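Please read it with the structure open beside you.

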Amino acid sequence: MQRKALIAANWKMNGSAALVTDMTTALTPLPLDNVDVLVCPPATLLNRFSAERNFALGAQTLSQESRGAFTGELSAELLLEAGATYVIVGHSERRTLNFETDALVAAKLATAVTAGLIPILCIGESLAERQQEKTQQVLARQLDAVYASQPELLAKSVVAYEPIWAIGTGESATPEQAQQTHAFIRQHLAQYDAQAAVGVKLLYGGSVNADNCAALFQQADIDGALVGGASLKPAEFAQICLAVTKGAKD
Ligand code: PGA
């Protein structure tokens, strides 16, 4: 099964109007026919991107509610209006710093799909959990929380495996470690919807850069990347987008 690659930039609480221009300039000349490219800037910058671009936009989170008295929150509808077509859901920083529970992540993902946004569900284990050999248990719990009661959402999702110990540390998972975990994730997802599990894009995230990305993209179950730090450097991010097209698998 051929899955089209997806490379997503997660700017987190970084960037500026100048970076919007620089990123657009870096990506526009690239031949991006064989890869979907996505930039998730802070929501205030979504409107700054021109409609004439060869990449999609996404948000970094959304409210599980659709409107009302939720000061500071942004609904799926508002994000769509600002130009987003994707949204990151359940990033480990939000799970930790904003106390997002598995149940809340499940509700947000359902809200995103209902509104027509493509959710990128982030899952991943901590260093302690990996050392205690609980990686599969943690990932299964995070996936079950979302898909066990709403398996129909899998066909509309992207899933990103982001080991917490690899995020922002400069220490990426090895291609073999990442492939092994991605294979487990795909196999686990098959119990909700076997066909959707074959088609779902699985991204790897955690210290992806221009040097380590090609070996990751060669792995059978890695369909692209969710890139943090390196996505703030337009030339390096452009290189990562091109690397995935070069390593096209059959
Ligand atoms: P990183 O971040 O590439 O800086 O490790 C990835 C992420 O948090 O999505």
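This is a predicted model: local features need pLDDT of at least 70, side-chain atom pairs count only at pLDDT 80 or more; totals for chains, interfaces and linings use all residues.

1. Start with Lys12. Lys12 sits in the loop between S1 and helix H1 (17-27). Phi of Lys12 is near 55°, which is positive, and the residue is not a glycine. Most residues other than glycine have a negative phi.

2. Glu133 belongs in the next point. Glu133 also has a positive phi, about 60°, and is not a glycine. Find Glu133 in the loop between helix H5 (127-131) and helix H6 (135-147). Is Glu133 buried or exposed? The relative accessibility of Glu133 is 75%, so this residue counts as exposed. The cut-off for exposed is over 50%.

3. Now step back to the barrel. Eight strands form a closed barrel, in the order S1-S2-S3-S4-S5-S6-S7-S8, and the pairing is parallel. From one strand to the next, the twist averages 25°. As background, strands of a sheet pair through backbone hydrogen bonds, either parallel or antiparallel.

4. Look at strand S1 (residues 5-10) by itself. How many of its residues are buried? Six of the six are, so S1 is largely enclosed by the rest of the structure. Buried means under 20% relative accessible area. Check both faces of S1. Ala5, Ile7 and Ala9 are buried on one side. Leu6, Ala8 and Asn10 are buried on the other.

5. Follow the pairing from S1 onwards. S1 and S2 run parallel and are joined by six bridges. Ala8 stands opposite Leu38 in S2. Next, strand S2 (residues 35-40) meets strand S3 (residues 56-59). These two also run parallel, with two bridges between them. Here Val39 stands opposite Leu57 in S3.

6. Then turn to two helices. Helix H4 (residues 102-115) lies across strand S4 (86-89) and strand S5 (118-123). H4 runs at about 160° to S5. Helix H7 (residues 175-189) packs on the sheet too. H7 touches S5, strand S6 (158-161) and strand S7 (201-205). The direction of H7 makes about 145° with that of S7.

7. The largest pocket brings us back to Lys12. This pocket holds about 550 Å³ of space. Its lining has 21 residues. Which of them lie nearest the centre? They are Lys12, Met13, Gln60, Thr61 and Arg94. Helix H3 (residues 92-97) gives the most to this lining, with three residues. By class, the pocket lining has ten nonpolar, seven polar and four charged residues.

8. The largest cavity has about 40 Å³ of space. Residues lining this cavity include Gly90, Ser92, Arg95, Cys122, Ile123 and Glu162. H3 and S5 each supply at least two residues of the cavity lining. By class, that lining has three nonpolar, four polar and two charged residues.

Methods:
Residues are numbered from 1 along each chain as its sequence is written. Side-chain values use heavy atoms; hydrogens and water are left out. On a 1 Å grid over the protein atoms alone, a cavity is a set of points where a 1.4 Å probe fits but cannot get out, and a pocket is an open set with protein on both sides within 12 Å along at least five of seven lines; lining residues have an atom within 4 Å of a point. Grid points are joined across faces, edges and corners, and a volume is the space filled by probe spheres set on the points. Helices (H or I, at least four residues) and strands (E, at least two) are DSSP runs, numbered from the N terminus. Ala, Val, Leu, Ile, Met, Phe, Trp, Tyr, Cys and Pro count as nonpolar, Asp, Glu, Lys and Arg as charged, and the others, Gly among them, as polar. Two strands pair if DSSP finds at least two bridges between them. Axes are lines fitted to C-alpha atoms, for helices over the stretch in contact, and angles run from 0 to 180 degrees between N-to-C directions. Contact means heavy atoms within 4.5 Å. Buried means under 20% relative accessible area, exposed over 50%, partly exposed in between (1.4 Å probe, protein chains only).
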